[in-house]
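Trainee: I would like to learn to read a predicted model one feature at a time. Where do we begin?

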Amino acid sequence: MSSPEIASLSWGQMKVKGCSTTYKDCKVWPGGSRTWDWRETGTNHSPGVQPADLEEVVKKGVKTVVIGRGMSEALQHPLWTI
């Protein structure tokens with residue numbers, strides 16, 4: 001099983017194929033997707049994506065994770081996350 005495709009992407013709007021929700025930011029994994037709320041883990045552009053942001057999808061069995069940097073490439077990926 002593969003993750004759902006990103007159907008469209010523009011500033012502040014992301015649509016996932018097969019899902020009626022329009023996301024600002026989202027997490028996708030085989031069989032699902034949901035809003036990625038940065039406030040859950042204290043994520044901000046700097047220092048960037050936190051290990052806890054990835055835990056949910058890794059627990060779902062995802063072997064390869066693609067982390068976007070945002071439209072302006074401002075979202076950082078610290079080494080402790082990768």
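Mentor: With burial: a residue is buried under 20% relative accessible area, exposed over 50%, and partly exposed in between (1.4 Å probe, protein chains only). Arg34 has 24% relative accessibility, so Arg34 counts as partly exposed. The model is predicted: local features need pLDDT of at least 70, side-chain atom pairs count only at pLDDT 80 or more, and totals for chains, interfaces and linings use all residues. Residues are numbered from 1 along each chain as its sequence is written, and side-chain values use heavy atoms, with hydrogens and water left out.

Trainee: How many salt bridges does the structure hold?

Mentor: Side chains of opposite charge can pair when their charged atoms come close. The rule here asks for a side-chain nitrogen of Lys or Arg within 4 Å of a carboxyl oxygen of Asp or Glu. Six salt bridges are found in the structure. One of them joins Arg34 and Glu40, with the closest N and O atoms 2.9 Å apart. Glu40, at a relative accessible area of 47%, is partly exposed.

Trainee: With which residue does Glu56 form a salt bridge, the closest N and O atoms being 3.2 Å apart?

Mentor: The partner at 3.2 Å is Lys27. Glu56 belongs to helix H1 and Lys27 to strand S4 (residues 26–29), so this pair ties together parts that are 29 residues apart in sequence. Helices (H or I, at least four residues) and strands (E, at least two) are DSSP runs, numbered from the N terminus.

Trainee: Where is Thr35 found, and in which strand?

Mentor: Thr35 is in strand S5. Its relative accessible area is 40%, so Thr35 is partly exposed. Contact means heavy atoms within 4.5 Å. Leaving aside neighbours within four places in sequence, Thr35 is in contact with Tyr23, Asp25 and Cys26.

Trainee: Which five residues make the largest nonpolar core?

Mentor: A nonpolar core is a set of buried Ala, Val, Leu, Ile, Met, Phe, Trp, Tyr and Cys residues joined through side-chain atoms within 4.5 Å. Trp36, Trp38, Val49, Leu54 and Leu75 make the largest one here. Take Trp36 as an example: not counting residues up to four places away in sequence, Trp36 touches Asp25, Cys26, Lys27, Thr43, Val49, Asp53 and Leu75.

Trainee: To what count of disulfides does the rule come?

Mentor: A disulfide is a covalent bond between the sulfur atoms of two cysteines. In a model, the test is a pair of cysteine sulfur atoms within 2.5 Å. By this rule the count is zero. Cys19 is in no disulfide, and its nearest cysteine sulfur, that of Cys26, is 8.3 Å away. Cys26 is likewise in no disulfide, with the sulfur of Cys19 as its nearest, 8.3 Å away. Cys26 has a relative accessible area of 13% and is therefore buried, whereas Cys19, at 27%, is partly exposed.

Trainee: What should I look for in the backbone?

Mentor: Most residues other than glycine have a negative phi, and most peptide bonds are trans. The peptide bond from Ser46 to Pro47 is cis, with omega near 10°. Pro47 sits in the loop between strand S5 (32–35) and helix H1 (51–59).

Trainee: What is the phi of Glu73 near?

Mentor: Near 55°, a positive value in a residue other than glycine. Glu73 is placed in the segment after H1. With a relative accessible area of 53%, Glu73 is exposed.
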